[in-house]
Amino acid sequence: MTQRQVFPQVCLKAEGLAVGRGDAALLSDLSFSVAGGHGLLLRGPNGAGKSTLLLTLAGLLPTLAGAVAIEGHDPEDGPALHHCGHRNAVRARLSVLETLSFWAAINGPTGLPPHEALERVGLARAARLDAGYLSAGQQRRLALARLLVSSRPLWLLDEPTAALDVDGHALLARLLAEHLAQGGLAIIATHDEIGLDGLDTLTLGRAA
Ligand SMILES: Nc1ncnc2c1ncn2[C@@H]1O[C@H](COP(=O)(O)OP(=O)(O)OP(=O)(O)O)[C@@H](O)[C@H]1O
C-alpha cells in the first residue's frame, strides 16, 4: 500500500539538553534532531535516563538546561505528540471500545475510528470486554491503539514492546513504518529489537 504524507514537515530538535529528576541531572549536553519520516531508538542500561528523557521531551518533566523545540508543527492542528509510557492508561471498568472512545474524545478523534483501531491492533473481538480483563500484552495493544485514534506527528514510546508477543512485535513495526511513511516521527526507548530498518540510535550513559 502506498502511504501518503499526512503530516507537514515536522522536526524535533534538542540542543544542549540536560534532563533529570529534581535538580540532579542524569544526562546532560544532549543535542540531536529527528526529522519527519525518521525514528530514533534510545538505548542504554537500566537507569540510564531513557524514560526521563522521553518525559522531558513530552514536556512532563522540566528541562534542567538547554532546549527542546518541535519545529514545523502548527499548534492550531492540536498537540504535537503522544507519550506512551510504561503504564497503559487502561480504565479497568470501561469496555475496551469505551476505553478507546474515551481516549479519542480526550485527545481528539482525528485518526482512525475506535473500532477500526481495535481491528488494527487485533482486539476487535475483545471490544465489549472490560479492559481490566485484558492480558498484559492485550493492554499494551490497546495502548498502541490510542496512538491511532488521534493523529499526532510525534510518538514518544517507552518500552512499547513490553509484554507483546511475536505478532505484537511485528504489529508495532508495521504501525511505526506506516507512521514514518506518513511523515511522522518517533523516539523509542527500548531494550528490544524493533524490526524496522533505517532507525537511528542514541545510546545513553551508564546506570547509577
Ligand atoms: N521520581 C523520581 N525521583 C527520583 N529519581 C527517580 C525518579 N524516577 C526515576 N528516578 C531515577 O532516575 C534514574 C533514571 O530512570 P529512568 O526511568 O529514566 O531510566 P531508564 O533508562 O528508562 O531505565 P530502564 O531501562 O530501566 O527503563 C533511575 O536511577 C531512577 O531511579
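Modeller: Bearing in mind that this is a predicted model, nine residues of domain 1 are in contact with nine residues of domain 2. On the side of domain 1 that touches domain 2, the classes are six nonpolar, one polar and two charged residues.

Colleague: Which residues go to which domain?

Modeller: Domain 1 takes in 1–80 + 153–164 + 176–203, while domain 2 covers 86–151. The C-alpha centres of domain 1 and domain 2 lie 22 Å apart.

Colleague: OK, now the open sheet: what is the order of its strands?

Modeller: The three strands of that open sheet come in the order β2-β1-β4, and their pairing is antiparallel. Since β2 (24–35) and β4 (65–71) are at the edges and each has a single partner strand, one side of each is left without a neighbour in the sheet. From one strand to the next, the twist averages 20°.

Colleague: And how many bridges join β1 to β2?

Modeller: Strand β1 (residues 11–21) is joined to β2 by eight bridges, with the two running antiparallel, and C11 stands opposite A35 in β2.

Colleague: What does α1 touch on that sheet?

Modeller: Helix α1 packs on the sheet and touches β1, β2 and β4, with its direction making about 125° with that of β1.

Colleague: Why is α1 described as largely enclosed?

Modeller: Because six of the eight residues of α1 are buried, the helix is largely enclosed by the rest of the structure. The buried residues in α1 are K50, T52, L53, L54, T56 and L57. Just after α1, G59 takes a positive phi of about 80°.

Colleague: Switching to the ligand, how many residues surround it, and which are the closest?

Modeller: There are 12 residues around the ligand, and the closest are R21, N46, K50, S51 and T52. Helix α1 (residues 50–57) supplies the largest share of that shell, namely three residues. Sorted by class, the shell is made up of four nonpolar, six polar and two charged residues.

Colleague: In what sense does β5 pair with β6?

Modeller: Strand β5 and strand β6 (residues 154–158) pair in the parallel sense over four bridges, and the bridge partner of C84 in β6 is L157.

Technical notes:
Residues numbered from 1 in each chain as written. Predicted model: local features only at pLDDT ≥ 70, side-chain atom pairs only at ≥ 80, totals over all residues. Near = placed C-beta within 6 Å. Nonpolar A, V, L, I, M, F, W, Y, C, P; charged D, E, K, R; others polar. Pairing = 2+ DSSP bridges. Buried ≥ 20, exposed ≤ 12 C-beta atoms within 10 Å, placed from the backbone. Domains from an automatic or database assignment. Contact = placed C-beta atoms within 7 Å. Axes fitted to C-alpha atoms, helices over the stretch in contact; angles between N-to-C directions.
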